[in-house]
Amino acid sequence: MSFLAQEFGIPVKTTAFKEHLREKKIAEKPKIVIDDTLRKALKDFTYSYSSLEKILACPFLFYHQYILGIEPPEFMDDEEKINMHMGNFVHKFLQNMSTARNYDNWEKLFDDLWESKENAALRNIEGIEIYMLNAKIFLREIYEDEKNSGEGMLFADNALACEKRFAGTIAGSYKIKGFADRIVSIGEKTEIIDFKYSKNKAKFKLSEKTTVLQRFQEKNVLHPTAQLIIYKYFNEAQGARFYFLKETSEERQMEIPEINIAEAEDLMRAIKERLDEIIGSDELLPAHDCDECEYCRFQALCGREDYY
């Protein structure tokens, strides 16, 4: 959604808007010159998966968000950010429930956490109540589905670890850290589960013709499933899957195929080589057509032509 559409609450048609303005071509993209100090900061940075995804997709965005630490102004907050806050709350609830191992009494645990002192800031967001009720509806549906099918995943005593932190290096070079939402025992396998408080969007779908590694080598951007491939690489597990909390029972779980998991080490080397290219260059440039553009809050800085 563009800035004007957010500000006025109505769609902005590019063609109509441009009729009143002279077309202006931007001579060149804005850039960040990489000096010795910045190069060292990029080399020494400890990447999370989110920041790694950013620098590979748009180094200009990464610089402003993670090096300068710029936060978008409050008036630019939208439904997406509220959903992010609710997603964080649900993750915390799932961790607490798994630790307490009190699955049948989950609604009381949910309510207690919602009313807790530590949750006061979230509770005070205007309009948040409806999002909380929706979250309970999703969880109630999952609970009933698992109870009726006899196949537990979310409300099952199968957790070996929750929010397990890890740290390592990308192909022996760049530092990376993160945490796995849940490591579970499924049959004779140990798997990593990553909960997504979102729909199973098309961007998560894997191609039957191209692996995650091949896609990265072709486009220099990470497929979303690379997150679990990397997480599994740093944890002792035999499998990995996403769990989409808002989906129907048929679409909730997405297991990462073994063919992609088997290429984890080669993927790490390819990521390291791409980081070498970015950090070894003379400047950081914006990528105006990357996957990050849709929800990017720094488009006014990068010179993207259709920002307004």
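Helices here are DSSP runs of H or I at least four residues long, strands are DSSP runs of E at least two long, and both are numbered from the N terminus. This is a predicted model, so local features need pLDDT of at least 70 and side-chain atom pairs count only at pLDDT 80 or more, while totals for chains, interfaces and linings use all residues. Residues are numbered from 1 along each chain as its sequence is written, and side-chain values use heavy atoms, with hydrogens and water left out.

**View 1. N260 sits in helix α12.** N260 is buried, with a relative accessible area of 6%. (Buried means under 20% relative accessible area, exposed means over 50%, and partly exposed is in between, using a 1.4 Å probe and protein chains only.) Once you set aside its neighbours within four places in sequence, N260 is in contact with L206, T211, V212 and I229. Contact, by the way, means heavy atoms within 4.5 Å. Take V212: it is 48 residues from N260 in sequence, yet the two are 6.2 Å apart in space, C-alpha to C-alpha.

**View 2. Helix α10 covers residues 212–219.** V212, L213 and F216 are buried here. Looking down the axis of α10, you'd find its buried residues within an arc of 100°, so they line one face of the helix. What covers the buried residues of α10 includes α4 (49–57), α11 (226–233), α12 (258–261) and α13 (264–280). Just after α10 comes N220, with a positive phi of about 65°.

**View 3. Strand β6 (residues 239–244) is mostly covered.** Count them up: 6 of its 6 residues are buried. In a regular strand the side chains alternate between the two faces of the sheet. On one side of β6 you have G239, R241 and Y243, on the other A240, F242 and F244, and all are buried. Strand β5 (residues 189–196) runs parallel to β6, joined to it by 6 bridges, and E191 has G239 as its bridge partner in β6. Strand β7 (residues 253–255) pairs with β6 in the antiparallel sense over 3 bridges, with Q253 as the bridge partner of Y243. (Two strands pair if DSSP finds at least two bridges between them.)

**View 4. Helix α6 (residues 79–100) crosses α7.** Their axes come within 10 Å and cross at roughly 130°. (Axes are lines fitted to C-alpha atoms, for helices over the stretch in contact, and angles run from 0 to 180 degrees between N-to-C directions.) The two helices are therefore oblique to each other. Angles under 35 degrees count as roughly parallel, over 145 as roughly antiparallel, 65 to 115 as roughly perpendicular, and the rest as oblique.

**View 5. N119 lies in the loop between α7 (106–114) and α8 (120–123).** N119 is buried, with a relative accessible area of 7%. Leaving aside neighbours within four places in sequence, N119 is in contact with F89, L113 and W114.

How values were computed: The arc is that of the directions from the helix axis to the C-beta atoms.
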